[in-house]
Amino acid sequence: MNNKTIVVTGAFGKIGFVIALSLLEKGYLVVLSDIKLNQKKYNLLKIKYKDNVEFIKSNITKSFEIEKLIKFTSKKFSRINALIHCAYPKNSKFTNLNKKIDEKNLSLTLYNHLGATIVITQKFLNYFLKKNSGKIILFSSIQGIASPKFEHYQGTSMQSPIEYSAIKSGIISITKYLAKYSKNKNININCISPGGIFNNQSKIFVKNYRKSCLNKGLLDPLDITGSVAFLISDNSKFINGQNIIIDDGWSL
């Protein structure tokens, strides 16, 4: 048992759940945060890891719910050591540049992802400043470092919306800004940009995507856990403000 407490937002999502599980396997104390409870997944963790894992329902787009998350975790485990922000609030619809833009929906989408990321990192950063240490890991994407490869989507109903690229590139900028803002405060803030994650996409997309990669193509969430473990460990003490790309060579 290493007694370090990690908060994982979006904990029942495809990436968040695998990260939470990998942390529990390494002996961390983990607080799962999501907008709703996935009872089946939670039971699986609770049976095996018992008091090492807890869940709190929280909508990270609401400032007071972030404060509630911090208060709950601090009371339960006395200390928070790291935030892993995996949450990606669901969109009602994405922007299609061939159609009239729904400005209200676009504004809400940008706030729910970029705005909420700024708010949650500010809240946790203030907490870590009082404790004189802490780590924050944000999640971007390969779409945050490069324009989409539109040819991958040909023959499918999939698209890569413009606001997704804006959000993911913005998260990388937020990471760098906050890391420099926290100079001399013993706080590490980094970002991970995964490639595409396999999620039962169409065979044609999987094939098209694979052509741009070196060994595997679409990734599994498990492929990301090693980098997460490294970034929250003491071995990454002087890695700060970085964007770690895990994409099997997609961006080359």
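## A glycine in a loop

Leaving aside neighbours within four places in sequence, G196 is in contact with I142, Y209, L218 and L219. The model you are looking at is a predicted one. You can find G196 in the loop between β6 (187–194) and α6 (203–210).

Now look for D248, which is 52 residues from G196 along the chain. The C-alpha atoms of G196 and D248 are separated by 9.6 Å.

## Two residues with a positive phi

Here is a point about the backbone. Most residues other than glycine have a negative phi. D248 has a positive phi of about 55 degrees, although it is not a glycine. D248 lies in the segment after β7 (243–246). Is D248 buried or exposed? The cut-off for buried is under 20% relative accessible area, so D248, at 16% relative accessibility, counts as buried.

N186 is not a glycine either, yet it has a positive phi of about 60 degrees. N186 sits in the loop between α5 and β6. With 45% relative accessibility, N186 counts as partly exposed.

## A buried threonine

Because its relative accessibility is 8%, T95 counts as buried. Which residues does T95 touch, leaving aside its neighbours within four places in sequence? They are I101, L106, Q159, P161, I162 and E163.

## Helices side by side

Two packed helices are described by the angle between their axes and the distance between the axes. Start with helix α4 (residues 103–131) and helix α5 (residues 162–181), whose axes come within 11 Å and cross at roughly 20 degrees. Angles under 35 degrees count as roughly parallel, and α4 and α5 are therefore roughly parallel to each other. Their crossing is right-handed. On the α4 side, the contact is made by L106, T109, L110, H113, L114, T117, I118, T121 and L125. On the α5 side, E163, A166, I167, G170, I171, I174, L178 and Y181 take part. By class, the residues of this contact of α4 with α5 divide into 11 nonpolar, 5 polar and 1 charged.

Next come α1 and α2, with axes that come within 11 Å and cross at roughly 5 degrees. α1 and α2 are therefore also roughly parallel to each other. F17, L21, L24 and E25 of α1 meet K41, L45 and Y49 of α2. The contact of α1 with α2 has 5 nonpolar residues, no polar ones and 2 charged ones.

In soluble globular proteins, nonpolar side chains tend to be buried together. In this model, the largest nonpolar core has 31 residues, and L23, L32, I84 and F139 touch the most other members. Which elements each supply at least two residues of this core? They are β1 (5–9), α1 (14–25), β2 (29–34), α2 (39–49), β3 (53–57), β4 (82–85), β5 (134–139) and α7 (222–231). The largest share, 6 residues, comes from α1. There is also a second, separate core of 30 residues, which includes L29, I66, F124 and I136.

Take a look at L32, one of the residues that touch the most other members of the largest core. Leaving aside its neighbours within four places in sequence, L32 is in contact with V8, A11, F12, A20, Y42, L45, V53, E54, F55 and I56.

Technical notes:
Residues numbered from 1 in each chain as written. Predicted model: local features only at pLDDT ≥ 70, side-chain atom pairs only at ≥ 80, totals over all residues. Heavy atoms only, no water. Axes fitted to C-alpha atoms, helices over the stretch in contact; angles between N-to-C directions. Helix = DSSP H or I, 4+ residues; strand = E, 2+ residues; numbered from the N terminus. Parallel < 35°, antiparallel > 145°, perpendicular 65-115°, else oblique. Left-handed = near helix turned anticlockwise from the far one by under 90°. Contact = heavy atoms within 4.5 Å. Nonpolar A, V, L, I, M, F, W, Y, C, P; charged D, E, K, R; others polar. Core = buried A, V, L, I, M, F, W, Y, C linked by side-chain atoms within 4.5 Å. Buried < 20%, exposed > 50% of the residue type's maximum accessible area, 1.4 Å probe, protein only.
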